[in-house]
Amino acid sequence: MAVDTGLSSPLGPPSCEKDAKALQFIEEMTRNPDPVQEKVLAEILSRNGETEYLRRFKIDGATDRDTFKSKVPVVTYEDLQPDIQRIANGDRSPILSSHPISEFLTSSGTSAGERKLMPTIHEDWDRRQKLYSLLMPVMNLSVPGLDKGKGLYFLFVKTESKTPSGLVARPVLTGYYRSEHFKNRPYDPYNVYTSPDQAILCVDSFQSMYAQMLCGLLMHKEVLRVGAVFASGLLRAIRFLQVHWQQLAHDISNGIPNPKITDPSVRECLAGIVKPNQELADLINQECSGGNWEGIIKRIWPNTKYLDVIVTGAMAQYIPTLDYFSDGLPLACTMYASSECYFGLNLKPMSKPSDVSYTIMPNMGYFEFLPHDPSAPPLSRDSPPRLVDLADVEVGKEYELVITTYAGLCRYRVGDILQVTGFHNSAPQFRFIRRKNVLLSIDADKTDEAELQKAVENASLLLREFNTSVVEYTSFADTKTIPGHYVIYWELLVKDESNSPTDTVLKQCCLAMEESMNSVYRQGRVADNSIGPLEIRVVKSGTFEELMDYAISRGASINQYKVPRCVNFTPIMELLDSRVVSTNFSPAAPRWAPDRRRTD
């Protein structure tokens, strides 16, 4: 319910004075973002001007944009890796930042196949916390009454590692959950979790998931929203319920936690929560025993108003499965962030996933934008790119995000491709398009993540009449055959086993994928014979769950894990191939006309 406050907001009526101040801050930051950006850059250059990195480019104490842009190059992680490795090995001189590097934040172990170390400084947590503090005031504008219940969020940490210097290296969310900002957060009726901190901070993923699911079930009538970081994480939780519902119901019936919960702090906190509840145990038995999982979220947590998960970019392919399990609950994407920097938030969090746009907050770092032109020649030091400032991007155009941070990253290419969709006040809003990475290539063809996902979406339309959907997929370029060909692994959700897709239909799915590919691919198939027929290998249900377990066992973060859209690691290939239940090849060549031939 909105309150009468002197601090109104163009975004809508705030629900409390705290929200009013947060909304006012958003308005102040977005009303005139360019001076904010100038100030942020000046602050960064003023404090880091004497670092070894910036001294190399002889900016000589300058803090203005023109000098910075003319002298400091645009870089990738590979350019910075030697300096980052020196810090990791114990060099405490001011290499990148004048403030001590407090820890390293590791990027997702499955993004581009490389575990990157991102330097951070202690005060960065204040900036991240500031962005977090804006999320609920914005959400409260769209969904009233969230202070009357709790959020069931599946949140996890992983075991930390240390660099040779002794600095901690961990995923950004593990760092946040272990920070004082999270552990000592003040009570906020709009942000109460069903999961105890002890369960979230438990490094054993089974015990953590079990305890969080158990608490979520025990408080099922209080739950108003269900979420995880990524859509894949929430689906993993539903899969956990499918496998363990009998034991969970048993524990609830008896009021005694599973003996597999051996972590003392988790077991102690559960002892104060778990009480015998036969009525709830009967409900779980009734809803889970029949094998019908459609709408299970609404049936178990009947007061859920929305799902809070990231479903933009590659995560969009989970939307049909989330709709199936939630009976079409709204999907809220609230913020845009990475290990390098937290960027911004969605001012319309209840918008359809296809309409999600993020407003970058100009106080979080200094942001530049490299116009994205796939046909342009690669960038080099001899032909430096002309970057566009935050306030100068144009609606409809695509850009690669380039950041400069307080922790010492200067003109760093994040690798995200964004499209400008509009403005809030004077601050641009962006749709996340994709990561700038080519996934598949056999010859001259180059297929990226967005193209592959579109091909999967188009092919999966043929499965609709069989009430079947693609719940997970990955791929690899099989160059052992001559010519090489694309192999796509599909895990299917077949809702009616008596009407499952036939081999003929799956072969047509192969062709539909090929028809969706770019002209260079189709030319290779039709004219050059440099690419063989596309292959779809259908794997057993639960295969991608095993793939995630394997990745986690090798150190991937359960919070940041994303199914790799292309695989080439032998153990993963062997795991996938051992679960194949059918193999299907494209029965014909896709359409291609010589007048559409391309040489780029």
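Let me begin with the lining of the largest cavity, whose residues divide into 4 nonpolar, 1 polar and 4 charged, where Ala, Val, Leu, Ile, Met, Phe, Trp, Tyr, Cys and Pro count as nonpolar, Asp, Glu, Lys and Arg as charged, and the others, Gly among them, as polar. This is a predicted model, in which local features need pLDDT of at least 70 and side-chain atom pairs count only at pLDDT 80 or more, while totals for chains, interfaces and linings use all residues. Residues are numbered from 1 along each chain as its sequence is written, and side-chain values use heavy atoms, with hydrogens and water left out.

A cavity here is a set of points on a 1 Å grid over the protein atoms alone where a 1.4 Å probe fits but cannot get out, and lining residues have an atom within 4 Å of a point. A volume is the space filled by probe spheres set on the points, which are joined across faces, edges and corners.

The count comes to 2 cavities of 30 Å³ or more, and the largest has a volume of about 100 Å³. Among the residues lining the largest cavity are Asp124, Arg127, Arg128 and Glu340, and helix 6 (residues 124-142) gives the most to this lining, with 3 residues; helices are DSSP runs of H or I with at least four residues, numbered from the N terminus.

The second largest cavity holds about 70 Å³ of space, and its lining has 9 nonpolar, 3 polar and 1 charged residues.

Conventions
On a 1 Å grid over the protein atoms alone, a cavity is a set of points where a 1.4 Å probe fits but cannot get out, and a pocket is an open set with protein on both sides within 12 Å along at least five of seven lines; lining residues have an atom within 4 Å of a point. Helices (H or I, at least four residues) and strands (E, at least two) are DSSP runs, numbered from the N terminus.
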